[in-house]
Amino acid sequence: MLLEATQSFELRHPGSSQEALHFVRTPAVALSQVRFIRGLNTKQEQVQGELIVPVAMLGDVDLPFSSRLQSTPDGAVLLAAQLPDERAWVEVNGQATVDSQNKMSFAFQLRAHLQLPEAEGWGSAAFEKMVRAAANRTLERIAAALPGGIQAALEQSQAST
């Protein structure tokens, strides 16, 4: 089962352009207050962790992700790595740019890969349909929470400087 959600938003960095670029190029800082990420690990250009997704009837589902961070002249991009050995995982792709007025533009794409047992009969098919609908709504809620988490990280980074 594949589920997808996207989220685009803008935030203004109160500091310099260099500080804004540093923020979008440092996922350990920018994603530090996103509550549904657990075990965030950023080594060199790798960004790894787990999205914690509450799914009705299944409880919390831990979806591991691994992405490669690439700096660009005006920001950074996240490129998802495939995790084919996992039963459930998520691709996290994204782009962040900074303009001359320190406006940071973010665009994230989430694609969750979930393996469910094969549906046998109408009862299993109905259960799969309910799980799909609930999981899709949850993934959309997670995507919608990204701006608030990154805003909180921005505020925390400013308070510590």
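Colleague: How many salt bridges does the count come to?

Modeller: This is a predicted model, in which local features need pLDDT of at least 70 and side-chain atom pairs count only at pLDDT 80 or more, while totals for chains, interfaces and linings use all residues. Residues are numbered from 1 along each chain as its sequence is written, and side-chain values use heavy atoms, with hydrogens and water left out. A salt bridge is a side-chain nitrogen of Lys or Arg within 4 Å of a carboxyl oxygen of Asp or Glu. By this rule, the count of salt bridges is six.

Colleague: Which residue forms a salt bridge with Glu4?

Modeller: Glu4 lies in strand β1 and its partner in strand β7, 107 residues apart; helices (H or I, at least four residues) and strands (E, at least two) are DSSP runs, numbered from the N terminus. Glu4 has a relative accessible area of 48% and is therefore partly exposed, where buried means under 20%, exposed over 50% and partly exposed in between (1.4 Å probe, protein chains only). With the closest N and O atoms 3.4 Å apart, the partner of Glu4 is Arg111.

Colleague: Is Glu91, which forms a salt bridge with Arg111, buried or exposed?

Modeller: The closest N and O atoms of Arg111 and Glu91 are 3.9 Å apart. Arg111 lies in strand β7 and Glu91 in strand β6, so this pair joins parts 20 residues apart in sequence. Arg111 counts as partly exposed because its relative accessibility is 30%. Glu91 has a relative accessible area of 9%, so Glu91 is buried.

Colleague: Which residues are linked in a network of salt bridges?

Modeller: Side chains of opposite charge can pair when their charged atoms come close. Arg111 takes part in a bridge with Glu4 and in one with Glu91. The network therefore consists of Glu4, Glu91 and Arg111.

Colleague: What N to O distance is found in the salt bridge of Glu50 and Arg38?

Modeller: Glu50 is partly exposed at 27% relative accessibility, and Arg38 is partly exposed with a relative accessible area of 41%. Glu50 belongs to strand β3 and Arg38 to strand β2 (residues 37-43), so the bridge ties together parts twelve residues apart in sequence. The N to O distance is 3.5 Å.

Colleague: Which residues form one aromatic cluster?

Modeller: Rings of Phe, Tyr and Trp (its six-membered ring) pair if their centres lie within 6.5 Å, and planes under 30 degrees apart count as stacked, over 60 as edge-to-face and the rest as tilted; the whole structure holds three such pairs. The rings of Phe9 and Phe108 have centres 6.3 Å apart and planes at 15 degrees, so they are stacked. Phe106 and Phe108 also form a stacked pair, at 6.3 Å centre to centre with 5 degrees between the planes. The cluster is Phe9, Phe106 and Phe108.

Colleague: What separation is found between the C-alpha atoms of Ala80 and Gly39?

Modeller: Ala80 lies in strand β5 (residues 75-80) and counts as partly exposed because its relative accessibility is 22%. Beyond its neighbours within four places in sequence, Ala80 is in contact (heavy atoms within 4.5 Å) with residues including Ser66, Glu91 and Asn93. Gly39 is 41 residues away from Ala80 along the chain, and their C-alpha atoms are separated by 17 Å.
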